[in-house]
Amino acid sequence: MLYTNVIERGLDFRYYLDLTPTQGRLMDKMDEERVAIANAFGIEVRSFVDEFKGMYPTEGKTAYEVITNCDAYGDIGGQKSMNTRYFQEDIPYALEAFRAMAQVAGIKTPIIDSVVCLARAVVDDIAEGRNAKNLGIAGMSKQEFLKLCLG
């Protein structure tokens, strides 16, 4: 979403290697919320940075550093339209699901909420997705959710 300027102007860019420190900070903050959601359910997950470093030869302590230091992503060009899977899939089927689980866990996700809200404001026809209602977990307690998941 933070590439709207170059996308709408039709400029070429590298989706990963042209990432800016500000975009990386946003990713780090969203990841902190994701990890907090998992922790609220007693699930230990690795941070994005640690996961990325486990998959690719790279160095760094932040999303910006590990992504821009990764040669594996060097030739991946940026999209030419705002109507891409980054909006049509990642928002409704990943971030909405995180928000739903956060609601059940009582975790605040102001960064994820803001990204979802902004994405829906600038891109038409993003599916409703995996929200709490559609997942059947609206109003569910954390204990009820865990019982549902664990059987």
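Student: How many residues does the largest nonpolar core have, and which of them have the most contacts inside it?

Tutor: The model is a predicted one. Its largest nonpolar core has 23 residues. Those with the most contacts inside this core are Tyr3, Phe52, Ile67, Phe87, Ile91, Leu95 and Ile126. At least two core residues come from each of helix H3 (48-55), helix H4 (63-68), helix H6 (90-105) and helix H7 (110-122). H7 gives the largest share, four residues.

Take Ile67 as an example. With its neighbours within four places in sequence left aside, Ile67 is in contact with Tyr16, Leu17, Leu19, Met27, Phe48 and Phe52. There is also a second, separate core of 10 residues, and Ala100, Val104, Ala105 and Ile137 are among them.

On the H6 side the contact is made by Ile91, Pro92, Leu95, Glu96, Phe98 and Arg99. On the H7 side it is made by Ile112, Asp113, Val115, Val116, Ala119 and Arg120. Sorted by kind, the residues of this contact are eight nonpolar, no polar and four charged.

Now the aromatic rings. The whole structure holds 10 aromatic pairs. One of them joins Tyr3 and Tyr15, with 5.6 Å from centre to centre and 50° between the planes, and it is tilted. Tyr3 lies in the segment before helix H1 (4-8) and Tyr15 in the loop between H1 and helix H2 (21-40), so this pair links distant parts of the chain, 12 residues apart. Tyr3 is buried, because its relative accessible area of 10% is under the 20% limit. Tyr15, at 17%, is buried too.

Phe48 and Phe52 make another pair. Their ring centres are 5.3 Å apart and their planes are at 35°, so this pair is tilted. These two are separated by about one helical turn, because they are four residues apart in helix H3. Phe52 is buried, with a relative accessible area of 3%, whereas Phe48 is partly exposed at 25%.

Key: Residues numbered from 1 in each chain as written. Predicted model: local features only at pLDDT ≥ 70, side-chain atom pairs only at ≥ 80, totals over all residues. Heavy atoms only, no water. Core = buried A, V, L, I, M, F, W, Y, C linked by side-chain atoms within 4.5 Å. Buried < 20%, exposed > 50% of the residue type's maximum accessible area, 1.4 Å probe, protein only. Contact = heavy atoms within 4.5 Å. Nonpolar A, V, L, I, M, F, W, Y, C, P; charged D, E, K, R; others polar. Phe/Tyr/Trp six-rings, centres within 6.5 Å; stacked < 30°, edge-to-face > 60°.
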